[in-house]
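This report is meant for someone meeting the structure for the first time. It goes from the relation between the chains to the contact they share, and then into a single chain.

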2 protein chains.
Amino acid sequence: MPRIADRSEQRRQIGAALLRLAGEEGLDQVSVRTVAAASGRSPGAVQKYFRSKEELLLFASQLSGERIERRMQTVDPTLPLRQALRALVLTILPLDEERRAETAAQLAFAVHAAHHPRLAEVRRRVDREVHDALARRLAAAGTPEPGPTADALIAVSDGLALRLLYAPGDADSLLAALDRAIATLTPP
Amino acid sequence: MPRIADRSEQRRQIGAALLRLAGEEGLDQVSVRTVAAASGRSPGAVQKYFRSKEELLLFASQLSGERIERRMQTVDPTLPLRQALRALVLTILPLDEERRAETAAQLAFAVHAAHHPRLAEVRRRVDREVHDALARRLAAAGTPEPGPTADALIAVSDGLALRLLYAPGDADSLLAALDRAIATLTPP
DNA sequence: CGTTCTAGGATACGGTCGTATTCTATCGAA
DNA sequence: TTCGATAGAATACGACCGTATCCTAGAACG
């Protein structure tokens, strides 16, 4: 057998380059060529790991979702409910340059999914995991209607993230809105 | 003087065609040629009304914002607060095919604005008008912290709209989340 | 009625796109 | 050490992009 490369690691690197590019310059600046350049490869090398651009997009979307889930797991589970919720949402919001790119990519995928059933399925799967984790946490704290409350929190989080992308100067007042939402949605 | 056409009406028609196309097939399917075809014109005719694609996009984004504001004004102002808020949000959510396209276009513009300062400005202006109208309504009903509450409601609305785009089957549970958010954010 | 200006269509140009194909160098197994 | 499979680069192709330019037909005025 001939020389081998760590395929999944290579795919991960290429997908990460796509997320960086999509986050910093927009999903419409993503092409096989630009992703190849952003990952320090030739376009032909990218083609070896992804048959088509669609496969590359799906992989990157999945990768992005996994990052979110992993980041949410780093929040201290012993925190009081409201502080825990605030910390969870803050891991998503684009409040610094690094997270801004990740959030921008995430939301670009979400909008793209509106016209792309396979991408939509990836998004729904991620949403379900986030929802279930949130709902469990809410139920454990005795919040009434944990299911709808979890969905409301996800919606607030996504809505704030979206708006922060084009109105980063409103961060202060939007964080006040987040606090108000958490305060009213959870028991004292 | 030679034959004249109603320029602003023509521009409005072309912008409407762009919104339709962006909503139904996605913003990346929007090109000068496809917009021309969707509005029953030749690409050259579109060029007569918009110097560049960017100008066309800006105009359409503005048009989309005006539609939202106009639609919000159709909600009966004598309604009790919670019913009024619910009605206002429902005018935005993509719960039928017609509104789905409008919302999809709107959110596509929002994500696009993350990397496009001129589009971002249009979005911020629309958001401010919606926010002020909401805050006035909330303050009149005696809601504490009307400003942050208005921002929270906008975030919930956008977040739900985004998710409904790729998870239309979750409409029932997402409407329950909306009701929960409105119930907790407003005084009884 | 003839002149003039414009609406709108047609066409062309350089660039980028996704993808298929081809080539070469190199590593792993025999 | 030889051989075969693969990594990766290079190239090619047809399609579409935004935009500039040119052309034609017709309505509005003198």
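## Two chains and their relation

In this predicted model, chain A is superposed on chain B by a rotation of 180° with 0.0 Å of shift along the axis, and the RMSD of that superposition is 0.0 Å. The two copies are therefore related as by a two-fold rotation axis. Both copies use the same surface for their contact, since 100% of the contact residues of chain A recur in chain B.

## The interface

How many residues does the contact take from chain A and from chain B? It takes 46 residues from chain A and 46 residues from chain B. The size of an interface is often expressed as the accessible area that is lost when the parts come together. Between them, chain A and chain B bury about 3,600 Å², and 62% of this area lies on carbon and sulfur atoms. On the side of chain A, the residues that lose the most area to chain B are A:H115, A:Y166 and A:R180, which together account for 22% of what that side buries.

Side chains of opposite charge can pair when their charged atoms come close. Over all chains the structure holds 16 salt bridges, and across the interface of chain A and chain B the rule finds 4 salt bridges. The table sets out two salt bridges, one between the chains and one inside chain A.

| Side chains | Distance, N to O |
|---|---|
| A:R163 and B:D151 | 2.8 Å |
| A:E9 and A:R12 | 3.3 Å |

The residues of the second pair, A:E9 and A:R12, both belong to helix α1 of chain A, where they are 3 residues apart, about one turn of the helix.

## Inside chain A

The secondary structure of chain A consists of 9 helices and 0 strands, and along the sequence it reads as the pattern α-α-α-α-α-α-α-α-α. The C-alpha trace of chain A spans about 60 × 40 × 30 Å along its principal axes.

Helix α1 of chain A, residues 7–25, packs with helix α6 of chain A, residues 97–113, at an angle of about 90°, and the two axes are 7 Å apart. Because of that angle, α1(A) is roughly perpendicular to α6(A). From α1(A) the contact draws on A:L18, A:L19, A:A22, A:G23 and A:E24, while α6(A) contributes A:A101, A:A104, A:A105 and A:F109. Sorted by class, the residues in this contact of α1(A) with α6(A) are 7 nonpolar, 1 polar and 1 charged.

Methods:
Residues are numbered from 1 along each chain as its sequence is written. Chains are lettered from A and ligands numbered from 1 in the order in which they are written. This is a predicted model: local features need pLDDT of at least 70, side-chain atom pairs count only at pLDDT 80 or more; totals for chains, interfaces and linings use all residues. Side-chain values use heavy atoms; hydrogens and water are left out. Axes are lines fitted to C-alpha atoms, for helices over the stretch in contact, and angles run from 0 to 180 degrees between N-to-C directions. Helices (H or I, at least four residues) and strands (E, at least two) are DSSP runs, numbered from the N terminus. Angles under 35 degrees count as roughly parallel, over 145 as roughly antiparallel, 65 to 115 as roughly perpendicular and the rest as oblique. Contact means heavy atoms within 4.5 Å. Ala, Val, Leu, Ile, Met, Phe, Trp, Tyr, Cys and Pro count as nonpolar, Asp, Glu, Lys and Arg as charged, and the others, Gly among them, as polar. Copies are superposed by least squares on the C-alpha atoms of residues with pLDDT of at least 70 in both. Buried area is the accessible area (1.4 Å probe) that two parts lose on being put together, summed over both.
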